[in-house]
Amino acid sequence: MLRLDRVSKRYPQGHTALQGVSLDLAPGSMHFLTGHSGAGKSTLLKLATAMERPSGGRIFFGDEEITRIPRRRIPHLRRAIGTVFQDHKLLYDRTVFDNVALALRVAGFPHRRIRGRVQAALSKVGLEGHQNKAPITLSGGEQQRVAIARALVNKPSLLLADEPTGNLDHKLANEVMNLFHEFHQFGVTVLVATHDLGQPERLGLPQIQLQEGQLAAQ
Ligand code: ADP
Ligand code: ADP
C-alpha cells in the first residue's frame, strides 16, 4: 500500500531528517510511527503525501511512484490519502458540515452526494446532529473528530495521522485512537505518528520506530 525504498530527506539548511528508511505497509495494516521529537516522523508523513520531496530514494503508493508524481496528479493523491494532524486546521468561520464537505466540493461532487457522504462520515465519528454547529462550540476531542471525518469523507484507502492526540487528555486520546483502530478493522490502512508509546501497547499494534532519522531495530 505504502512503500519506502531507502528514503532520505535533507532539508535545504543541511539538516538530515531521514536517512535510508525502507518500509512496506501491507494493505489493511495499522502501525504506529514512534520516536522522540525530531526523529523524523512528520517528515516521513509529509513525503508520503508529496508535501515534501525526498532527497534520495523512492516512495510508492500502490503502483504510483509518489516521488515522480507530476504536480497535476497531487490533488488526486491527496484525495486517496486521508490526513489528520495534531493542529487540525479546521475553518472556524464555517460549520462542521462545511468543513467536512469542502474536499468534496473542490473535487466537484454533486450536491446530493455531498450531503450523503458528509452525514455518513460525521455519523462514523459520532458527531451526527452536530453538523450545523460552529467548530469553536465543540470540545477539543470533538473538533479532532471533525478533522477525522474530513479525512475520511473521500474514502481514502490510506490514513496518515501526525500526533492526532497531542492536544487531548488521556481519555479523549484513547477515544480518538480507538476510532483509527475501527477504521483499520474496516480495512483502511492506517499509520499514526505519536510519541505516546502507551497507545501501541494498549491496542497491541506494531510500531515502526525512528531514531534520529533512521529505522530502529524492530
Ligand atoms: P518529528 O516529527 O519526529 O518530531 P520532524 O520530521 O518534524 O520530526 O523533524 C526531523 C528533523 O528535521 C528535526 O531535526 C527538525 O528540526 C528537522 N526539520 C523538520 N522540518 C524542517 C524544515 N522544514 N526545515 C529544516 N529542518 C526541518
Ligand atoms: P457513496 O454513494 O457516497 O459512494 P457508498 O455506499 O459507497 O456511498 O458508501 C457509504 C458510506 O460508507 C460513505 O458515505 C462513506 O462515508 C463510507 N465509507 C466507504 N468507504 C470508506 C472508507 N474507506 N473510509 C471511511 N468511510 C468509508
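**Pockets, sheet and backbone features of the predicted model**

Helix H3 is followed by Gly108, whose phi is positive, near 85°; helices (H or I, at least four residues) and strands (E, at least two) are taken here as DSSP runs, numbered from the N terminus. The structure is a predicted model, for which local features need pLDDT of at least 70 and side-chain atom pairs count only at pLDDT 80 or more, while totals for chains, interfaces and linings use all residues. Residues are numbered from 1 along each chain as its sequence is written, chains are lettered from A and ligands numbered from 1 in the order in which they are written, and side-chain values use heavy atoms, with hydrogens and water left out.

Within H3, the buried residues are Val96, Phe97, Asn99, Val100, Ala101 and Leu104, where buried means under 20% relative accessible area, exposed over 50%, and partly exposed in between (1.4 Å probe, protein chains only). The cover over these buried residues of H3 includes H4 and H5. In an α-helix there are 3.6 residues a turn, so residues three or four places apart point the same way.

The space in the largest pocket amounts to about 630 Å³. A pocket is defined on a 1 Å grid over the protein atoms alone as an open set of points with protein on both sides within 12 Å along at least five of seven lines, in contrast to a cavity, a set of points where a 1.4 Å probe fits but cannot get out; lining residues have an atom within 4 Å of a point. Grid points are joined across faces, edges and corners, and a volume is the space filled by probe spheres set on the points. The lining of the largest pocket comprises 20 residues, of which Arg78, Thr83, Ala103, Arg150 and Asn154 are the closest to its centre. Two or more lining residues are given by each of helix H2 (74–80), strand S6 (81–85), helix H3 (96–106) and helix H5 (140–152). By class, nine residues of this lining are nonpolar, six polar and five charged, with Ala, Val, Leu, Ile, Met, Phe, Trp, Tyr, Cys and Pro counted as nonpolar, Asp, Glu, Lys and Arg as charged, and the others, Gly among them, as polar. At least three residues of the lining come from each of domain 1 (1–80 + 156–218) and domain 2 (91–155), the bounds being those of an automatic or database domain assignment.

The second largest pocket holds about 210 Å³ of space, and its lining, too, draws at least three residues from each of domain 1 and domain 2. Helix H4 (residues 111–124) supplies the largest share of this lining, four residues. Eight of the lining residues are nonpolar, none is polar and three are charged; among them are Arg117, Lys124, Phe183 and Lys155. Lys155 is placed in the loop between H5 and strand S7 (158–162), has a positive phi near 55° although a residue other than glycine, and is exposed, with a relative accessible area of 60%. A positive phi, about 60°, is also found at Ala50, in the loop between helix H1 (41–48) and strand S4 (56–61), but Ala50 counts as buried at 9% relative accessibility.

Six strands form an open sheet of mixed pairing in the order S6-S7-S8-S3-S9-S10, two strands being paired if DSSP finds at least two bridges between them. S6 and S10 stand at the edges with a single partner strand each, so one side of each is left without a neighbour in the sheet. Strand S3 (residues 30–34) pairs with S9 in the parallel sense over three bridges, and Leu33 stands opposite Ile208 in S9. S9 and strand S10 (residues 214–215) run antiparallel and are joined by two bridges, with Leu210 opposite Leu215. These two strands form a hairpin with two residues between them, and Glu212 in the turn has a positive phi of about 45°.

His184, in helix H6 (residues 170–185), is buried with a relative accessible area of 18%. Leaving aside residues up to four places away in sequence, His184 touches Gly28, Ser29, Met30, Val190 and Leu205, contact meaning heavy atoms within 4.5 Å.
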